[in-house]
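Here's a quick briefing to read alongside the model. Have the sequence and the 3D view open as you go.

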Amino acid sequence: VQLQACGGGSVQPGGTLRLSCAASGNLYSIDDMGWYRQAPGKQRDLVATISSPGRAKYAASVKDRFTISRDNAKKTIYLQMNSLIPEDTAVYYCSGRIIARWGDRRDVYWGQGTEVTVSS
């Protein structure tokens with residue numbers, strides 16, 4: 001199982017970015033997927049999660065600014081980030097609760113991070 005995240009970059013405050021994360025490999029079942037972020041010197045925090053049917057949950061700090069979505073056919077999730085502020089600067093990681101093969105247990109997989117910098 002691999003999760004490939006991309007879409008990070010540098011933007012000015014008020015700007016927008018769209019992150020994507022595609023799952024590949026042995027994917028018998030993909031349940032909840034989500035985005036987490038880790039700022040320098042801080043712990044990794046939840047940003048948003050989305051269930052297989054599409055129910056989304058958000059951290060209070062990003063609600064109304066970020067939107068998580070998923071395309072089950074493409075095995076991809078997205079994070080639309082609007083009205084970015086410097087406090088959103090972090091490395092963003094995607095994760096997924098995945099059963100790789102029939103009979104396997106459900107495990108949590110992580111993608112490599114993609115860096116987001118918000119600065120004027």
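This is a predicted model: local features need pLDDT of at least 70, side-chain atom pairs count only at pLDDT 80 or more; totals for chains, interfaces and linings use all residues.

Residues are numbered from 1 along each chain as its sequence is written, and side-chain values use heavy atoms, with hydrogens and water left out.

- Strands here are DSSP runs of E with at least two residues, numbered from the N terminus, and two of them pair if DSSP finds at least two bridges between them.
- Strand 4 and strand 5 run antiparallel, joined by six bridges; one to look at is M33, whose bridge partner in strand 5 is I50.

- Strand 4 and strand 9 run antiparallel and are joined by eight bridges; Q38 has V91 as its bridge partner in strand 9.
- Strand 10 (residues 107-110) pairs with strand 9 in the antiparallel sense over four bridges, and R97 has its bridge partner in V108 of strand 10.
- Strand 11 (residues 114-118) is joined to strand 9 by three bridges, also antiparallel, and Y92 stands opposite T114 in strand 11.

**The largest pocket**

- The largest pocket holds about 170 Å³ of space. A pocket is an open set of points on a 1 Å grid over the protein atoms alone, where a 1.4 Å probe fits, with protein on both sides within 12 Å along at least five of seven lines. Grid points are joined across faces, edges and corners, and the volume is the space filled by probe spheres set on the points.
- Its lining residues (those with an atom within 4 Å of a point) are R37, Q38, A39, K42, Q43, D45, L46, S61, E87, D88, T89 and A90.
- The elements giving two or more residues to that lining are strand 4 (29-38) and strand 5 (44-50).
- By class, the lining has three nonpolar residues (Ala, Val, Leu, Ile, Met, Phe, Trp, Tyr, Cys and Pro count as such), five charged (Asp, Glu, Lys and Arg) and four polar (the others, Gly among them).

**Two residues in one loop**

- R65 sits in the loop between strand 6 (56-58) and strand 7 (66-71), and K63 is found in the loop between strand 6 and strand 7 too.
- R65 is buried, with a relative accessible area of 15%, whereas K63 counts as exposed (over 50%) at 52% relative accessibility.
- Beyond its neighbours within four places in sequence, R65 is in contact (heavy atoms within 4.5 Å) with Q80, M81, N82, S83, L84, I85 and D88.
- A polar atom of the R65 side chain lies 2.9 Å from the backbone oxygen of S83.
- K63 and Q2 are 61 residues apart in sequence and, C-alpha to C-alpha, 28 Å apart in space.

Conventions. Buried means under 20% relative accessible area, exposed over 50%, partly exposed in between (1.4 Å probe, protein chains only). A polar contact is a pair of N or O atoms within 3.5 Å; within protein, one must be able to donate a hydrogen and the other to accept it, and residues adjacent in sequence count only if both atoms are side-chain atoms.
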